[in-house]
Amino acid sequence: LFTPYSREKNHIFQVTERTITEGQIARLIRILPLLKLEDLARAILQEKSPLLVFGLINCFLQQAIDEKSLNNNSLQWAAELPHHSLFQEKVLETDFTQAARQALTFLCELSYIESRLQKGFQRQNEIAPLLDWYKSSGSYRLELAHARARSALRVIEPEELREELKKYLKEVRERIHGFLEDVDLNLSDLIKKDQKGFFTHPRLSTNVLRDLVLRASREPSDKTRLWILIFDGMRLDTWEEVVKKALSSLLEVSEEKLYLCPLPSYTDIARTSLLAGRLPSEWEDYQGKYTSDHNILASRLFGLGREEGKRKLRIVVGSETDYGQERLDFDVRSHNILIYNLSDDWIHNFRGDIKDLNDDIDGRLRRTILPDLESRIAEDDFVILTSDHGFIELLKNKEVKIPVSENLKEDEIVYRYLKGGKYEIGLTVQWIGDEPYTVATGRSWYGRPKGKFSRYSHGGVSLDEMVVPGVVLKKVTKPIIDFEMSLPEEFEFLEDSPAAIEIEVLNRGNRESAFTLAVETEVGQGKTFERRLTPKLRDRLDFHFTPELAMKSIRFVLSYKDAEGIEKQDSRRIGVQITPKKGKIEIDTSALDRLDQI
């Protein structure tokens, strides 16, 4: 057990796993000397047989449930599971491979959720730090992680264990919503405290095109066109987990920043403000009169005259449709704005969870949008990607539903905002010449007297609804696979005291690819890491070992294949200083060597 498998061993496991049952797996695990959760965790990390991985995970979960210890402390080790051998491209395929991967996913997501919630949330006094924390902390993906764990739960055996885990996931979901409620109320408090400051804040989405196009001097020319891609209704988890990964083979990210859309966070206000670079009170045509015409407002933002805007600017809404593509084929413009209805058109009637939703978006993106973009965008073109708004998943809890019956028409009550009057619960926003809006804060929503529940909506104050990315992209014309290893210049450790070395590997290329990092010492301690890394991201690898006086250096070897398939290697040997442990008696055995010569 827990040793590398030869081709013959792989064949034996493939044959065995066709007929073995879950009950037999459980009996097999029980006879192994794995008495503690730590033993099971170590075995799961090292094992390569899908059958045994699946069985070990079920055993771990059962024991953790029995001991009432399924929490952050017992799941910290599972943070390493995304790099498990069963997630690699070349893996032993048996009848249990997919079940084992799903079980690993279940543990991965639970570990992430528990770790994030354990760290907690410290309220911020400014909008910019809150935005940056939201992304860097990974809090934006808590709901998606829970949905993925719930989907993976179906493979867990036996049924009694699965039912106990469902109860646990329900409790975890409540903790997630409480956590996100605190974060969203922090945002609403900051806006209420200084609403004028919010609507003039540099991180408002009215500045996306100003920052990334105008101030960055990305002016199109006869040879270089400007493409602005607006993915309607794209949440941050969708950008980070789906869209960014899908685009990586075509477009590489060169700059990225988060913004907040104006209020109410629904399409008419958010999208028009984005294209105008101005709030509704400043939407004016060439004569200074109010307008919401996207073409006029965008033309004015880019400094194009009325006739010049007609010649140089085009906006295609729903550009994934045949009609949109026909318009694109019609002529070539210097300024191109493509609005893809990634989720907003159908989100209000969608009944699946966040995982199902992102899976659907991934399919639509790869089937229709990517091929379209690949044929349009040239090597030297400027590409800006953003969104107008996101959306929030509404809860059916009575505690968050706000009944509304005060002289408002049905179409004036839109779950996350009210139009046509001030309301005591929420945040009031009013634009010049428009009726006031009252927008919901936190996880609350407004209920129509005769309305039906809708699972997803937008318009209110929450980071799920308001956060939009501003991204500068460049078309990938030549694939580059290049990894860089970062290490300290020297090491100093105490003898026999557990130590760890932190190694960073950066993917400097524009393709997701695999690398291997081998760490070796002169006394036989070592470890080999096998990882995959997306472009421009870093991976931190920790080598744990026990220092010995005989250690003089540690060797690190980073290996990968470049885009041409040529093996590349970065090998370094770094000196080590070991401080002897006080009070330890060392016995000199060198005289024994001379006895051999007698």
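Which residue does Arg 443 form a salt bridge with? The partner is Asp 464, and the closest N and O atoms are 3.6 Å apart. A salt bridge here is a side-chain nitrogen of Lys or Arg within 4 Å of a carboxyl oxygen of Asp or Glu. Keep in mind that this is a predicted model: local features need pLDDT of at least 70, side-chain atom pairs count only at pLDDT 80 or more, and totals for chains, interfaces and linings use all residues. Residues are numbered from 1 along each chain as its sequence is written, and side-chain values use heavy atoms, with hydrogens and water left out.

**Arg 443 and Asp 464**
- Arg 443 sits in the loop between strand S10 (437–439) and strand S11 (445–447) while Asp 464 is in helix H18 (residues 463–466), so their bridge ties together parts 21 residues apart in sequence.
- Helices (H or I, at least four residues) and strands (E, at least two) are DSSP runs, numbered from the N terminus.
- Arg 443 is buried, with a relative accessible area of 3%, and Asp 464 is buried too, at 6%.
- Buried means under 20% relative accessible area, exposed over 50%, and partly exposed in between (1.4 Å probe, protein chains only).
- Both belong to a salt-bridge network that also links Glu 143, Asp 184, Arg 235 and Asp 237.

**Other salt bridges**
- The whole structure has 48 salt bridges.
- One of them joins Glu 256 and Lys 244 (3.2 Å, N to O).
- Glu 256 is partly exposed at 26%, and so is Lys 244 at 21%.
- Asp 539 and Arg 531 also pair up, at 3.7 Å from N to O, and both are buried.
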